[in-house]
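Me: I would like to learn how to read a protein structure one feature at a time. Can we go through one together?

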Amino acid sequence: MDLPDPVALAIPAFILLMAAEMAWIWRRGRTAGHYEWRDTLTSLLMGFGSTIAGLLFAGMLVGSALFVSQFRLVDLGWGWWVFLLCFLADDLAYYAFHRAAHRVRWFWASHVVHHSSQHYNLSTALRQTWTGTLSLSFVFSLPLFLVFDPAMVFFCSGVNLVYQFWIHTESVKTMPRWFEFIFNTPSHHRVHHATNPRCLDRNYAGMLIIWDRMFGTFEPEPANEPLRYGIVRNLGSFNPLWVAAHEWTGIAQDVWHAPDWRARWNYIAQPPGWSHDGSRLTSEEIRAGVAPNRAEARADRDTAPPLRPA
Amino acid sequence: MLTQALLSVGGIALIVTLAWLLFGRAPSEPPGERDVMDAARAALPLYRPVRAVCGRDGRGGLAVDAQGRVAIMKPHGSHFSARLLAPGTPVRMEDGRLIVETKERMFGAVRLDLGEAAPEWLAMIEEAR
Ligand SMILES: [Zn+2]
Ligand SMILES: [Zn+2]
């Protein structure tokens, strides 16, 4: 079956919706902070670059998908319920990918790009990585090709990506309660992009928030605590190349300077913020609010700023 | 494919221009000491600033905690980007500005217009452990 590419179809809608969001924010008199043209330019260039990178490395993805689908277990056909099942399975695979993307530094090095803006608006949604396929982030979807037709899987993950566009906004406060219970919404995803300690590594959902509720990673939006967006150690740079490569550079430096092979492996496979001498903080430690005296002790023996987690 | 690429490039130009037109001007109220203090507390986990100073032009600032650790806020668009200064961070005065060279190449040097407060903060950075 020939299915359209949902992302390509959605581009005009993305442009219109960003213009509408800007007009809305401007009309409400909030002239500062919400859109910053250099930040938006970087986000859109990252999005444009990611489509080019996607084309360049499409062979890796499609080749792996076709390879796995040789071993297809069933032929479920193209009924509506098969699509529904495929959406569910793809969304679960997205949850698994996204959780790994925050908990394994190798995958984080790609995914951090999406979190690198200190703003939260529709243009942030398009701030996408250039190294996703190259870093094999698609392995989480490979089991799907044992059950569903590759075209159906690609279609569903495209729809999932398009869905996630509209949730990157501060202009929608909350949706009806039943909707907030089932679906990922602006409110849930604002928490995901926030660096307030309680928000770190929460709400990994793609389309459905039910996975976070099921697997214990759900955090509701705090009522009276302003959210701060970005990463714990913000880049202070709008340079797209640096946005794309900074964490890979960080890994390379750490691996180079690591004292032994065990530490080398851990700098790649442990959560962001792991360090062989405990001189940095992981998001778990920040969430737990590590005792201040420990942090001081660390600052004393550290030559670099001690705080360098995700 | 070419149409799609052209549409994307045109869209980027349109959106960025619109963002610049609507939000490009400097905010009516430039940031002050309070904002530097809040930014330092928010950006650096477990860091509790006791004093702060903001550049006279509202661009960037410094904070210090009870242990004498100095944090720098670099202006980044309409936000600050913060770093705790490592001991021995090179710092100097140039044309009445305080120049702080962070050790990160891509974070770079930060120029602060602190006016009369500059010498005191220069000393604090030099003494910071
Ligand atoms: Zn994420
Ligand atoms: Zn997002």
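Me: Which residues in α4(A) meet which residues in α5(A)?
Reply: Keep in mind that this is a predicted model. To read a helix contact, list the residues on each side. On the α4(A) side they are A:His98, A:Ala100, A:Ala101, A:His102 and A:Arg103, and on the α5(A) side they are A:Arg105, A:Phe107, A:Trp108, A:His111 and A:His115. By type, the residues of this contact are 4 nonpolar, 4 polar and 2 charged.

Me: At roughly what angle do the axes of α4 and α5 of chain A cross?
Reply: Helix α4 of chain A spans residues 80–103 and helix α5 of chain A spans residues 105–115; their axes cross at roughly 100° and come within 6 Å. An angle from 65 to 115 degrees counts as roughly perpendicular. The helices α4(A) and α5(A) are therefore roughly perpendicular to each other.

Me: What are the protein donors of the zinc ion (ligand 1)?
Reply: To read a metal site, look for the atoms that face the metal. Here the protein donors are the NE2 atoms of A:His98, A:His102, A:His111, A:His115 and A:His192, lying 2.1 Å from the zinc ion (ligand 1). Along the chain, the donors follow the spacing H-x3-H-x8-H-x3-H-x76-H. A:His102 is in helix α4 of chain A and A:His115 is in helix α5 of chain A, so this pair ties together parts that are 13 residues apart in sequence.

Me: How far apart are the zinc ion (ligand 1) and the zinc ion (ligand 2)?
Reply: The two ions are 5.9 Å apart.

Me: Which residues of chain A does UniProt list for "transmembrane region"?
Reply: An annotation comes from a record, and it can be set beside the model. The unreviewed UniProt entry lists residues 6–24, 44–66, 78–97 and 136–166 of chain A under that name. In the model, residues 78–97 of chain A are 90% helix and 0% strand, with end C-alpha atoms 26 Å apart. Residues 136–166 of chain A are 45% helix and 0% strand, and their end C-alpha atoms also lie 26 Å apart.

Me: Which residues does the annotation "domain: Fatty acid hydroxylase" cover?
Reply: According to the unreviewed UniProt entry, it covers residues 83–217 of chain A. In the model this span is 52% helix and 0% strand, with 27 Å between its end C-alpha atoms.

Me: In what order do the 4 strands of the open sheet in chain B lie?
Reply: The order is β1-β2-β3-β4 in chain B, and the pairing is antiparallel. The edge strands, β1 (49–54) and β4 (79–84) of chain B, each pair on one side only. Neighbouring strands of this sheet are turned by 25° against each other on average, direction ignored. Strand β3 (residues 70–76) of chain B pairs with β4(B) over 6 bridges. B:Ala71 has B:Leu84 in β4(B) as its bridge partner.

Me: Which strands does helix α2 of chain B lie across?
Reply: Helix α2 (residues 33–43) lies across β1, β2 (61–65), β3 and β4 of chain B, and runs at about 130° to β1(B).

Me: What is the strand order in the open sheet of 3 strands?
Reply: The order is β5-β6-β7 in chain B, with antiparallel pairing. The edges are β5 (91–94) and β7 (109–112) of chain B; each has a single partner strand, so one side of each is left without a neighbour in the sheet. From one strand to the next, the twist averages 25°.

Me: How many residues lie between β5(B) and β6(B) in their hairpin?
Reply: A hairpin is read as two strands and the turn that joins them. There are 2 residues between β5(B) and β6(B), and B:Asp95 in the turn has a positive phi of about 50°. B:Val91 has B:Val100 as its bridge partner in β6(B), while B:Met93 stands opposite B:Leu98.

Key
Residues are numbered from 1 along each chain as its sequence is written. Chains are lettered from A and ligands numbered from 1 in the order in which they are written. This is a predicted model: local features need pLDDT of at least 70, side-chain atom pairs count only at pLDDT 80 or more; totals for chains, interfaces and linings use all residues. Side-chain values use heavy atoms; hydrogens and water are left out. Axes are lines fitted to C-alpha atoms, for helices over the stretch in contact, and angles run from 0 to 180 degrees between N-to-C directions. Angles under 35 degrees count as roughly parallel, over 145 as roughly antiparallel, 65 to 115 as roughly perpendicular and the rest as oblique. Contact means heavy atoms within 4.5 Å. Ala, Val, Leu, Ile, Met, Phe, Trp, Tyr, Cys and Pro count as nonpolar, Asp, Glu, Lys and Arg as charged, and the others, Gly among them, as polar. UniProt positions are given in the numbering used here, feature names are shortened, and annotations may be inferred rather than shown by experiment. Two strands pair if DSSP finds at least two bridges between them. Donors are N, O and S atoms within 2.8 Å of the metal (3.2 Å for Na, K and Ca); water is not among the atoms, so sites may look incomplete.
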